[in-house]
Amino acid sequence: MIADSTSEVLVSADWVEDHLEEIQRDDPSLRVIEVDIEPSNYDDGHIPGASSLDWKRDLQDTVTFDVPTIADFEALLGEAGVTADSTIVLYGDMMNWFAAHAYWLLTYYRHADVRLLDGGRDYWVSEDYPLTDEVPSFTEQSYSVSSDPDGSIRADHEDVVVAMDEEIPMIDVRTPEEYRGEIIAPPGWNEGVQRGGHIPGATNIPWSNVVEADGRFKSLEDLRELFAAEGIEREGSETDVITYCRIGERSALMWTVLHELLGYERVRNYYGSWVEWGNTVGAPIESAQRADVKRNH
């Protein structure tokens, strides 16, 4: 376990720099893994001793469009030199979008000790921390998932239907333009969604509201005020919240803030997110365009 990290969830860039010698050893007790939107960023320079995972290839089942199977997940981590006892520090570009997705996935599969580098790749590079292009080689390990996945942190389509009926808070963490249905995805991204808009009843709190300009998370006080202003206050274990985005990566970042940093006990990340909901025949949506049509009739 990490004893001198910034919290039980985050480690600072200074902490990682102080542990570079340990990170580069062929010792599975500590592993650093980079997960980027653009995997080639790793080749341009990365934290010494860090390995890389490709979110498209490694962090999903490309046939079922679901999480990796337990067998594939075990093989992936074992090949990366990770054991069930390893401390894993994750980081990535775009202020940790897919690093947070990997964090959520590891938590879903109940890995005991996983952390995020606060600020991710953006902060590490901008602040001139050490980089290398050397790819580490670690001894393959035996990784075993010890129990069933933690279904309490995952929402699926049926859970969202219940959430709408019971008015359970849902947070759409996409951009306001995506939320209003003006665009289907950020420029350059398109997973084939057929409709724009949002899930009825969802509140738009863009993911960018939880991070500073340098990529690090905002203070806990600022984060509490952000959600309180939207009426989503922590009220013990009875407060249920669902987060979603387009494919579940930005909402994993928001899940991390609510569940891991602020201590909301019942937060679920809608894994299918808008790619599933927006393509489901008969699933209700709301959008600025639909509102305009109704007003004109």
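I started with strands E9 (residues 240-244) and E10 (residues 266-270), which run parallel and are joined by four bridges. Helices (H or I, at least four residues) and strands (E, at least two) are DSSP runs numbered from the N terminus, and two strands pair if DSSP finds at least two bridges between them. Asp240 stands opposite Arg266 in E10.

A note on ground rules: this is a predicted model, with local features needing pLDDT of at least 70, side-chain atom pairs counted only at pLDDT 80 or more, and totals for chains, interfaces and linings using all residues. Residues are numbered from 1 along each chain as its sequence is written, and side-chain values use heavy atoms, with hydrogens and water left out.

**Sheets**

I traced E9 and E10 into an open sheet of five strands, ordered E6-E10-E9-E7-E8 with parallel pairing. Its edges are E6 (154-155) and E8 (203-204), each pairing on one side only.

Next I looked up the other open sheet, also five strands and parallel, in the order E1-E5-E4-E2-E3. Here E1 (10-11) and E3 (51-54) have a single partner strand each, so one side of each is left without a neighbour in the sheet. E2 (residues 30-36) pairs with E3 over four bridges in the parallel sense, and Val35 has Leu53 in E3 as its bridge partner.

**Helices**

I checked what H5 covers: it lies across E2, E4 (87-91) and E5, and runs at about 175 degrees to E5. Angles run from 0 to 180 degrees between N-to-C directions, and axes are lines fitted to C-alpha atoms, for helices over the stretch in contact.

Then I turned to H9 (residues 220-229) and H10 (residues 249-261), which pack at about 110 degrees with axes 12 Å apart. H9 and H10 are therefore roughly perpendicular to each other (the label covers 65 to 115 degrees; under 35 is roughly parallel, over 145 roughly antiparallel, the rest oblique). H9 brings Leu220, Leu223 and Phe227 to the contact, and H10 brings Met254, Val257, Leu258 and Leu261; contact means heavy atoms within 4.5 Å. The residues of this contact divide into seven nonpolar, no polar and no charged. For the classes, Ala, Val, Leu, Ile, Met, Phe, Trp, Tyr, Cys and Pro count as nonpolar, Asp, Glu, Lys and Arg as charged, and the others, Gly among them, as polar.

**Cavity and pockets**

I found one cavity of 30 Å³ or more, and the largest cavity has a volume of about 50 Å³. On a 1 Å grid over the protein atoms alone, a cavity is a set of points where a 1.4 Å probe fits but cannot get out, a pocket is an open set with protein on both sides within 12 Å along at least five of seven lines, and lining residues have an atom within 4 Å of a point. Points are joined across faces, edges and corners, and a volume is the space filled by probe spheres set on them.

The lining of the largest cavity includes Leu53, Phe73 and Leu105, and H4 (70-79) and H5 (93-108) each give two or more residues to it. I count nine nonpolar residues there, no polar and no charged.

The largest pocket holds about 280 Å³. Gln60, Phe65, Ile247, Tyr271 and Gly272 are the closest to its centre, out of 19 lining residues. That lining divides into six nonpolar, five polar and eight charged.

The second largest pocket has about 180 Å³ of space. Glu8, Val9, Tyr103, Ala112 and Glu260 are the closest to its centre, of 11 lining residues.
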